[in-house]
4 protein chains.
Amino acid sequence: MFFASDNSGPVHPTVLDALTRANDGYAKSYGADDLTVSVTAQIRDLFEAPDAAVYLVATGTAANVLALSVLCQPFETVFCSDRAHIHEDECNAPEFYTGGAKLTLVPGGDRMSPVALRKAIEGEENRGVHGPQRGAVSITNVAELGNVYSLAEMQGLCSVAKEYNLPVHLDGARFSQACAALQCTPAEMSWKLGVDVAVFGGTKNGLMGVEAVVIFDPKRAREFELRRKRGAHLFSKHRYLAAQMQAFLQDDLWRDLANRSNATCSRLFDGLQRLGIDIVTEVPANLLFFRLPRHVHHTLLAQGAVYILMDPETGADDDLVTARLVCDWAQTHENVDAFLKLVEDAL
Amino acid sequence: MFFASDNSGPVHPTVLDALTRANDGYAKSYGADDLTVSVTAQIRDLFEAPDAAVYLVATGTAANVLALSVLCQPFETVFCSDRAHIHEDECNAPEFYTGGAKLTLVPGGDRMSPVALRKAIEGEENRGVHGPQRGAVSITNVAELGNVYSLAEMQGLCSVAKEYNLPVHLDGARFSQACAALQCTPAEMSWKLGVDVAVFGGTKNGLMGVEAVVIFDPKRAREFELRRKRGAHLFSKHRYLAAQMQAFLQDDLWRDLANRSNATCSRLFDGLQRLGIDIVTEVPANLLFFRLPRHVHHTLLAQGAVYILMDPETGADDDLVTARLVCDWAQTHENVDAFLKLVEDAL
Amino acid sequence: MFFASDNSGPVHPTVLDALTRANDGYAKSYGADDLTVSVTAQIRDLFEAPDAAVYLVATGTAANVLALSVLCQPFETVFCSDRAHIHEDECNAPEFYTGGAKLTLVPGGDRMSPVALRKAIEGEENRGVHGPQRGAVSITNVAELGNVYSLAEMQGLCSVAKEYNLPVHLDGARFSQACAALQCTPAEMSWKLGVDVAVFGGTKNGLMGVEAVVIFDPKRAREFELRRKRGAHLFSKHRYLAAQMQAFLQDDLWRDLANRSNATCSRLFDGLQRLGIDIVTEVPANLLFFRLPRHVHHTLLAQGAVYILMDPETGADDDLVTARLVCDWAQTHENVDAFLKLVEDAL
Amino acid sequence: MFFASDNSGPVHPTVLDALTRANDGYAKSYGADDLTVSVTAQIRDLFEAPDAAVYLVATGTAANVLALSVLCQPFETVFCSDRAHIHEDECNAPEFYTGGAKLTLVPGGDRMSPVALRKAIEGEENRGVHGPQRGAVSITNVAELGNVYSLAEMQGLCSVAKEYNLPVHLDGARFSQACAALQCTPAEMSWKLGVDVAVFGGTKNGLMGVEAVVIFDPKRAREFELRRKRGAHLFSKHRYLAAQMQAFLQDDLWRDLANRSNATCSRLFDGLQRLGIDIVTEVPANLLFFRLPRHVHHTLLAQGAVYILMDPETGADDDLVTARLVCDWAQTHENVDAFLKLVEDAL
């Protein structure tokens with residue numbers, strides 16, 4: 001009953017098969033190999049973006065911060081949710097890679113509203129050279145608390161960004177799960193809305209560690225390449241990144257795995273709701289936040305459920321404590337049902 | 001006949017096996033998994049350094065520049081060979097990760113001499129706050145042009161560094177091959193000489209992409225962890241880095257593969273010498289630099305040999321042009337002999 | 001009737017005299033001149049801090065960001081008011097000089113409360129290496145909206161900082177005015193409360209452009225010197241910075257000028273209050289924020305009053321708009337009375 | 001007999017007068033004052049560059065590194081003499097302000113030759129994304145060892161730069177002295193040759209601390225303004241920078257003072273030559289490097305001559321030791337003659 005993260009489960013077996021297949025003879029290094037060439041072409045096709053520049057890196061943070069580094073200047077500020085991963089969970093990597101740009105936090109849960117975004121952008125004015133300058137807008141979908149922006153909601157944010165002539169970054173650590181939830185195409189969730197650089201994440205959806213950065217304006221490509229190398233993120237044995245992505249793309253495995261995670265999480269949602277549990281998120285993807293009295297959490301954890309409490313671990317026994325459940329692609333209905341049974345018994 | 005690089009060949013099959021074995025069920029992320037704990041303990045054992053902090057990253061550049069970032073300050077300068085990889089081949093990554101430290105280039109081929117190192121260190125004096133301050137000394141073994149520092153030579157450099165109270169970094173992208181050539185232990189090639197942080201490279205010796213950073217003074221450990229995360233080099237699915245390293249350590253595979261590469265290269269050396277070819281390096285490891293007239297190179301390359309010319313590709317046909325041959329672990333005696341035959345025929 | 005800023009008025013005449021006196025013959029450069037030596041000793045005396053390291057720089061931003069750069073690491077976050085100058089008005093200079101540290105904004109007007117500070121510090125926990133690490137606490141006194149922290153209030157903040165073992169920076173652009181308002185000594189407003197590095201500002205109080213950075217722990221001194229040089233803030237003709245500071249210290253000119261500014265501002269406060277104007281700040285120093293209908297502001301500005309509207313300049317005529325009045329040392333009672341008369345007539 | 005530096009003498013009296021004149025009433029801050037507007041217009045006129053953007057900063061290092069920061073990217077390298085001030089005497093400030101760009105040192109004394117420059121530029125090729133990318137070319141005139149590039153020599157360097165499409169920075173800490181030596185106009189020594197950004201230094205020629213940065217392509221202006229603020233180099237009381245520059249421009253004071261320094265140095269040159277002293281530089285400006293046995297230097301220094309030995313202070317008494325003499329604007333013929341007499345007596 002492991003619901004702690006989507007980076008803790010196994011990688012999909014076809015990924016290992018692809019690595020084995022790729023492990024044949026000599027190949028050019030640093031991304032000049034045939035497999036990389038073919039896989040990046042496939043991603044361009046998938047995104048219906050024939051001119052896009054596509055790069056593979058091994059961590060989600062690298063994907064995000066390299067993307068930001070080509071979208072904004074050190075004297076600018078990036079607008080993002082106050083719960084954004086780039087703010088809370090990347091140990092100042094965005095500040096590092098941008099050379100010291102600021103993040104302006106837009107309040108309101110894990111999803112920014114166009115109104116709040118506009119207000120934040122307007123707030124960074126009237127100070128001439130004294131204040132940070134307006135820089136990129138960064139959107140995360142699936143958002144950090146499990147909510148999924150609708151295409152209309154994303155469109156609203158992109159429109160505000162474009163109105164101020166600001167580029168848009170999409171943190172797509174869970175791009176697949178969002179696409180699956182929205183039943184849309186990658187293009188519909190990215191450049192068709194105005195996204196300038198999208199991260200198409202694989203690590204949280206069955207790969208060992210590969211994220212594709214899709215840069216829709218190829219004029220930014222060369223700078224990305226140089227910043228990737230300078231950030232020490234250019235892999236010499238690049239074919240093994242490409243092989244993982246190849247498996248991911250084959251027969252839309254990415255969407256299958258995302259559907260699977262989302263469906264398992266949905267089953268969890270239905271079960272908890274049936275039990276009258278207080279669920280914080282709307283749960284259209286593979287993350288679910290819910291509240292239980294602390295002592296119930298402790299009972300569940302003691303009985304083998306693995307998940308993360310968001311609030312401090314100490315406090316009164318009866319305090320309602322928020323916790324996070326994540327379903328990765330390998331999570332099973334049996335586990336979900338076993339967990340629900342545990343909850344039912346514990347109440 | 002692929003002699004272009006040691007990052008173009010296949011990974012060793014036991015590495016794939018280890019990945020498959022590791023791909024079982026759920027594991028803690030970000031390096032808290034059992035496999036990582038066990039593998040880093042093994043590396044401490046291997047280095048006879050029970051207090052060392054050991055970290056895995058996926059690229060050699062990351063290993064080097066993160067190591068430098070905990071060894072020096074932005075207002076300092078790093079002393080290294082003017083052929084050092086950190087200077088020539090990392091697109092300013094050392095400058096980036098150190099926050100703008102300088103590299104002071106010590107002339108003299110790929111190996112610094114203690115005399116030249118001392119002169120360089122002395123050169124950065126008398127300027128008070130105006131000049132860069134003396135920072136770390138960075139040694140590469142195997143060096144960039146294929147030479148191997150003897151333990152006595154390394155000791156000489158470390159002694160100079162210690163005399164000025166400067167920390168020592170060892171770029172060990174080819175640590176295994178150097179150890180194999182010197183028939184010494186990892187401890188003998190590192191902390192016993194005064195090395196403060198050593199990179200124990202795996203990528204150029206049969207792994208997909210893993211380097212261990214061994215920090216002998218654990219007081220630097222926490223800063224390294226934070227800088228690794230901030231550099232976007234902390235892997236979430238860390239067990240797959242650990243699994244590769246596990247295979248590398250198992251029955252000293254690292255040394256076996258290094259011996260194999262070195263032996264193949266030695267065969268190449270003997271063969272070329274027999275043919276009277278001008279060999280630039282002494283070749284005690286797996287890199288060999290040699291000179292042939294340009295037109296001979298072109299003949300060889302046209303016939304399927306793959307290797308890199310160090311001098312510009314255009315020029316007079318009869319110019320002696322330096323080229324590099326690299327033997328990776330998978331290189332065969334058959335290939336070597338076939339190549340030697342080609343050379344013989346071309347002369 | 002110039003109330004727009006305290007950096008727009010003339011410098012005090014004794015400052016020019018001091019420059020003229022200093023302009024005699026040859027002097028050592030880069031701060032090794034006798035005048036600098038004597039002036040920094042005087043500042044140590046003034047702060048009753050015989051071991052402190054004291055440095056002069058020419059801008060307030062330089063003083064603040066160099067101070068922060070020796071107090072925190074690039075992977076840390078600085079806690080400050082969400083109205084702090086270092087956040088709003090320094091165009092990412094703190095992020096630049098710290099190598100990419102973050103600022104965590106503590107809400108609540110221009111003064112942080114110990115409760116809000118503690119909450120912010122507590123908020124940056126539980127994320128291990130993923131979140132920014134807790135760094136320095138930065139306090140501004142006089143605060144940005146004109147309020148003055150009492151010594152007890154500052155003590156409260158310093159205590160929280162010390163509880164978490166965090167260093168404290170004091171942005172003292174208006175140090176003199178705060179000291180004058182609190183009728184305390186520099187020591188009482190700095191190290192006696194736990195401040196680690198204080199900026200003793202001169203530019204906003206009658207000098208051309210000099211701020212002293214007072215570092216109470218001399219172990220940080222050398223790093224400051226190197227970072228000052230690297231930031232291009234070490235003046236070669238340093239005696240002209242020292243001369244200004246000499247005039248400032250002579251017979252406590254700094255306190256006289258501050259008393260003068262505060263008294264003029266107090267007269268303004270009393271007058272506006274008599275007229276029933278809505279005053280936002282408590283006004284114990286030389287800044288005053290007040291509200292009037294937009295059309296009244298426009299009348300006043302049209303009649304020659306010079307000051308800054310904090311809210312956007314366009315909107316309904318009857319909107320209450322906040323504006324800032326600043327009294328510098330050269331401001332006169334006549335001007336204040338003339339301005340009050342204007343307001344009275346405009347109402 | 002102070003010949004140690006041109007930043008140790010007094011400022012010219014008209015500079016103090018200008019400061020006093022400027023110290024009248026209220027003025028807009030941050031460079032929006034009338035005096036700044038007028039003075040920057042005068043500099044545009046002086047440089048015959050009606051579209052140039054002109055900015056004032058207070059230190060030469062700030063001028064240089066801010067200029068470089070708008071001319072090159074963090075993944076590039078700046079080509080400069082291996083004796084360049086930006087390399088030797090700015091404590092990594094160029095690396096800091098460019099975000100980690102490298103300096104590629106061009107050997108050959110203090111003046112680069114077009115051949116050596118071309119070789120250095122060519123040396124940074126063939127490595128794709130792995131090596132630093134070719135960035136700006138930085139020329140210093142007067143050069144660090146006192147030599148003055150002729151216009152033809154500068155033209156040669158600029159032509160090479162342009163051939164590779166690289167921008168050119170001119171470190172003009174002693175711009176006036178070079179112009180005076182070459183009897184040319186500022187335009188002839190800058191944009192007419194292909195210089196993109198020139199520093200017009202005042203600090204080493206009679207001002208307290210002002211340098212003008214002249215950016216010939218105004219498209220770079222806004223970025224410069226933001227980087228200046230972010231570097232903490234935007235002065236609030238900007239009129240006092242402008243006033244100094246006003247005095248400098250008035251009746252070509254800059255050229256008068258430069259002629260004076262150069263003439264005094266020339267007298268020194270002639271005198272030393274007459275005495276048969278070994279002079280290292282050709283001395284067309286205000287710096288002179290010469291060699292004497294160590295014991296003679298010690299005699300001169302003991303008798304009150306003040307200047308800097310370039311070689312270490314300890315060693316055999318008879319060693320020929322290089323030393324530097326600098327004549328600032330205030331240096332007198334009497335002092336020169338007295339010094340020459342000392343030398344004559346000491347020999």
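Predicted model: local features only at pLDDT ≥ 70, side-chain atom pairs only at ≥ 80, totals over all residues.

Q: What is the strand order of the open sheet of 7 strands in chain B?
A: A sheet is read by walking across it from strand to strand. Here the order is β1-β7-β6-β5-β4-β2-β3 of chain B, and the pairing is mixed.

Q: Which strands of chain B stand at the edges of this sheet?
A: The edges are β1 (53-57) and β3 (102-106) of chain B. Each has a single partner strand, so one of its sides has no neighbour in the sheet. On average, neighbouring strands of this sheet are turned by 25 degrees against each other, direction ignored.

Q: In which sense do β6 and β7 of chain B pair, parallel or antiparallel?
A: β6 (residues 197-201) and β7 (residues 211-215) of chain B are antiparallel, with 5 bridges between them. Within this pair, Val199(B) faces Val213(B) of β7(B). Helix α2 (residues 34-46) of chain B packs on the sheet and touches β1, β6 and β7 of chain B. The direction of α2(B) makes about 120 degrees with that of β1(B).

Q: How many strands form the open sheet β8-β9-β11-β10 of chain C?
A: That sheet has 4 strands, and its pairing is antiparallel. β8 (278-279) and β10 (308-309) of chain C are the edge strands, pairing on one side only. Between β9 (residues 287-293) and β11 (residues 320-326) of chain C there are 7 bridges; Leu288(C) has Leu325(C) in β11(C) as its bridge partner.

Q: Which strands of chain C does helix α11 lie across?
A: Helix α11 (residues 253-274) of chain C lies across β8, β9 and β11 of chain C, at about 25 degrees to β9(C). Helix α12 (residues 294-302) of chain C touches β9, β10 and β11 of chain C, and its direction makes about 115 degrees with that of β9(C).

Q: Which residues of helix α12 in chain D are buried?
A: For α12 (residues 294-302) of chain D they are Arg294(D), Val296(D), His297(D) and Leu300(D). These residues lie on the same side of α12(D), because their arc around the axis is only 160 degrees. Their cover includes β9 (287-293), β10 (308-309), β11 (320-326) and α13 (333-346) of chain D. Just after α12(D), Gly304(D) has a positive phi of about 110 degrees.

Q: What area is buried between chain B and chain C?
A: Interface size is often given as the accessible area lost when the parts come together. Between chain B and chain C about 1500 Å² is buried, and carbon and sulfur atoms give 66% of that area. The count of salt bridges between chain B and chain C is 0.

Note on methods:
Residues numbered from 1 in each chain as written. Chains lettered and ligands numbered in written order. Heavy atoms only, no water. Buried < 20%, exposed > 50% of the residue type's maximum accessible area, 1.4 Å probe, protein only. Helix = DSSP H or I, 4+ residues; strand = E, 2+ residues; numbered from the N terminus. Arc of directions from axis to C-beta. Contact = heavy atoms within 4.5 Å. Pairing = 2+ DSSP bridges. Axes fitted to C-alpha atoms, helices over the stretch in contact; angles between N-to-C directions. Buried area = accessible area lost by both parts, 1.4 Å probe. Salt bridge = Lys/Arg side-chain N within 4 Å of Asp/Glu carboxyl O.
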